[in-house]
Amino acid sequence: MLDKLQEVLKEFENSVSSVKSLPEMAQFKAEYLGKKGKLKALMSGMRDLSVEEKKTFGAKANEVKQAMELALEKRSQQVELEEINAKLEKNWQDITWTDRIKDKGQQSAGLHPLTQVMRDLEDIFLSMGFDILDGPHIENEYYNFEALNVPANHPARDMQDTFWFTDMKHLLRTQTSNIQIRGMEQKDPPFKFVAPGKVFRCESLDASHEAAFHQFEGMMGGKDISVSHMIHFLRTLLREIFKKEIKVRLRPGYFPFVEPGFELDYECLLCGGKGCSVCKQVGWVEALGCGMVHPTVLKAGGIDAKKWNGFAFGLGVDRLVMMRYHIDDVRHLHHGDLRFSEQFRAY
Ligand code: PHE
């Protein structure tokens, strides 16, 4: 009987590798280990054995059973892998192969120009050692205004037409400057961070105004930081985005959270400075607001204004996109017409 057991094991070992699919595997398993399988059939012959023989045979049969189970498990894994590989082979598609995509009548994908510029901005500042922070679109009065030195009833609140929630405490953030405060709460000086994101203002819409648009905030805090540090980073930003030296001018500008405050303009790239509808015929485009962080704002961020100082800027990203790609109406960026987006495919 022991010989028979060896025979069954041999037969099993010879055929297990030829099982080709998982359903076949289940059948094969039943054939050897199932209730009506070959091993059970042999074991039912144990009745006629002596006690001693029963012991030896039982132990051996157990060993055989375990060996079979192990081999089945191994083969099952192989079969599964083979099936996956076969499927991959059959369904493989090169998604960069445009002709094939076109043949199938499918649209190829690409990044929206806003996304491309946002990513470029992030890369530029990451390479200069800045962190990237994120924050909520639905903001409370404190972070959007109060902590930025704009208390209730301050006339500067009217500079930005705000979408208020009915509780009159929450709003859609009007500027990414809310992250100045949130960032300082998280970080001790010295720090450098940027915060890209959507902002909202209740504006009447035209070629250069949208109710939802994008800003890119930047902030640096440390010792003896000056306006020239700020100008350095802003010129680098513009040079890297446009891949050439860009003419800029700095004008005094009022923002309650900076002192002194500036507006930085750059030469309109749509008309080359001659004047057009986008630059309102002046030849210059307002790029951003910036300045040295007001001590009251540092204090609100938990920072000792006697020891530390810093600069902040808030860049209008949509306008930058328009300049880079020569788009003459900001509304093109948002209305979702595929004929517009398709021009910016990767190929
Ligand atoms: N938050 C200002 C705006 O939206 C821009 C700004 C940011 C100005 C940081 C100064 C410093 O107009």
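**From a proline loop to the ligand**

Pro 190 belongs to the loop that links helix H8 (178-186) and strand S4 (191-200). Helices (H or I, at least four residues) and strands (E, at least two) are DSSP runs, numbered from the N terminus. The model is predicted: local features need pLDDT of at least 70, side-chain atom pairs count only at pLDDT 80 or more, and totals for chains, interfaces and linings use all residues. Residues are numbered from 1 along each chain as its sequence is written, and side-chain values use heavy atoms, with hydrogens and water left out.

Stay with Pro 190 for a moment. The peptide bond between Pro 189 and Pro 190 is cis, with omega about 0 degrees. Another cis peptide bond joins Glu 259 and Pro 260, where omega is about -5 degrees. Pro 260 is not in a loop but in strand S7 (residues 258-267). Most peptide bonds are trans, and most residues other than glycine have a negative phi. Asn 149 has a phi near 70 degrees, a positive value in a residue other than glycine. Find Asn 149 in the loop between helix H7 (141-144) and strand S3 (170-172).

Now turn to the ligand.

An N or O atom in the side chain of Gln 175 is 2.7 Å from a nitrogen atom of the ligand. Ser 177 places a polar side-chain atom 2.9 Å from a ligand nitrogen atom. The side chain of Gln 215 has an N or O atom 2.9 Å from an oxygen atom of the ligand. Taken alone, the ligand exposes 320 Å², and the protein buries 93% of that (Shrake-Rupley method, 1.4 Å probe).

The structure holds 18 salt bridges (a side-chain nitrogen of Lys or Arg within 4 Å of a carboxyl oxygen of Asp or Glu). One of them pairs Glu 63 with Lys 60, their closest N and O atoms 3.2 Å apart. Both residues, Glu 63 and Lys 60, lie in helix H4 (residues 51-91). They are three residues apart, about one turn of the helix.

Key. A polar contact is a pair of N or O atoms within 3.5 Å; within protein, one must be able to donate a hydrogen and the other to accept it, and residues adjacent in sequence count only if both atoms are side-chain atoms.
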